[in-house]
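I am opening a notebook page on a structure I have not looked at before. I will start with the whole chain and then pick a single residue.

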Amino acid sequence: MELRQIRYFHCVARELSFTRAAKLLHIAQPPLSRQIKLLEEELGVKVFERQGRGIRLTDAGKYFMDHTQKMTQQLEETIKATQRIGKKDRVWFGVGFVPSTLYGYMPDFIRALRELSAQVEIGLVEMTTLQQFEALKMGRIDLGIGRIKLSDPEIARVVLRDESLVVAVPRYHRLASVAGVGVNEILQESLIVYPAAPRPSYADHVLDLFSQHGYVPNVVQEVNELQTAIGLVAAGIGIALVPESVRRLLREDVVYIDFQAVGFTSPIMMSWRKNDESGLLKDVVALAKNMAMEYK
């Protein structure tokens, strides 16, 4: 089965017309029909059926469409990334990051990164640490800035910073006026964690910290976004443990309190492909490390 045949199939499936699909693909209709027939012969099932003067997808065709769209997209991205990586004079540099880093280290790093070379276009993509690993291996990004300690034989990692955790509570909460709290106070509260998916994530990091110290917090809600977690804190649903830099996310209805518990921190991790020998990548890694040492 050829990738070309799958692309032809997708075009016909979207248009539900061999005539329109042929025009879009800049080929004659007979060769297009022939390629679809060859595809059906190889699959051993019909992917299209006649419906009056038009056509429609069969159940088998719908299944094939759903399961090949993502595959072909990933393959096309991999091809483009391979071509980009293979060029010595790379002009695009992709950075994946978790949103919570935007409240501290990341903005200054991005500004410095954009000034590193006028020949480089910086692409920024919001994604979890787990998603960064997959994107790095596929070549969709060149650097990842995440929050959790994962390991992979193809990925190099370094801790840039290790942030203390703070407790986000509603403005009217009984703890809102205290300078700091310990683990025992937190165990009496309902805890909101994020993100709910995909896992493992920062949520698992926080829960694992409790587990390492022999504690089981009362998790009342799992949400996908930091902003959602803070919003639910403001609504009085529970409290949340967030990296210290999130204090910069100012809300009148939320107070951030020092968490006085040894070992409860959140690292900022930098990841890249081990086999990437790009001179630009080496410069970026050095820049990130130097800025992390100087960052206050």
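**Whole chain**

I looked up burial to begin with: 47% of the 296 residues of the protein chain count as buried. I note that this is a predicted model.

Next I listed the secondary structure. I found 10 helices and 12 strands in the protein chain.

Then I turned to overall dimensions.

**Contacts, surface and charge**

I asked how far apart in sequence the contacting residues are. Counting contacts between residues at least 6 apart, I see that 73% join residues at least 24 apart.

I looked up the accessible surface of the protein chain, which is about 15,700 Å². Carbon and sulfur atoms account for 50% of that surface.

For charge, I have 37 positive and 35 negative charges in the protein chain. Their mean positions lie 6 Å apart.

I picked Thr 101 and located it in the loop between β3 (92-97) and α5 (105-116).

Is Thr 101 buried or exposed? Its relative accessibility is 1%. Buried means under 20%, so Thr 101 counts as buried.

I then looked up what Thr 101 touches, leaving out residues up to four places away in sequence. Met 106 and Pro 107 are among its contacts. Ile 145, Arg 147 and Ile 268 also touch Thr 101.

Key: Residues numbered from 1 in each chain as written. Predicted model: local features only at pLDDT ≥ 70, side-chain atom pairs only at ≥ 80, totals over all residues. Heavy atoms only, no water. Helix = DSSP H or I, 4+ residues; strand = E, 2+ residues; numbered from the N terminus. Buried < 20%, exposed > 50% of the residue type's maximum accessible area, 1.4 Å probe, protein only. Contact = heavy atoms within 4.5 Å. Areas by Shrake-Rupley, 256 points an atom, 1.4 Å probe, with all protein chains shown as cover. Lys, Arg positive; Asp, Glu negative; His and termini not counted. Charge placed at Lys NZ, Arg CZ, Asp CG, Glu CD.
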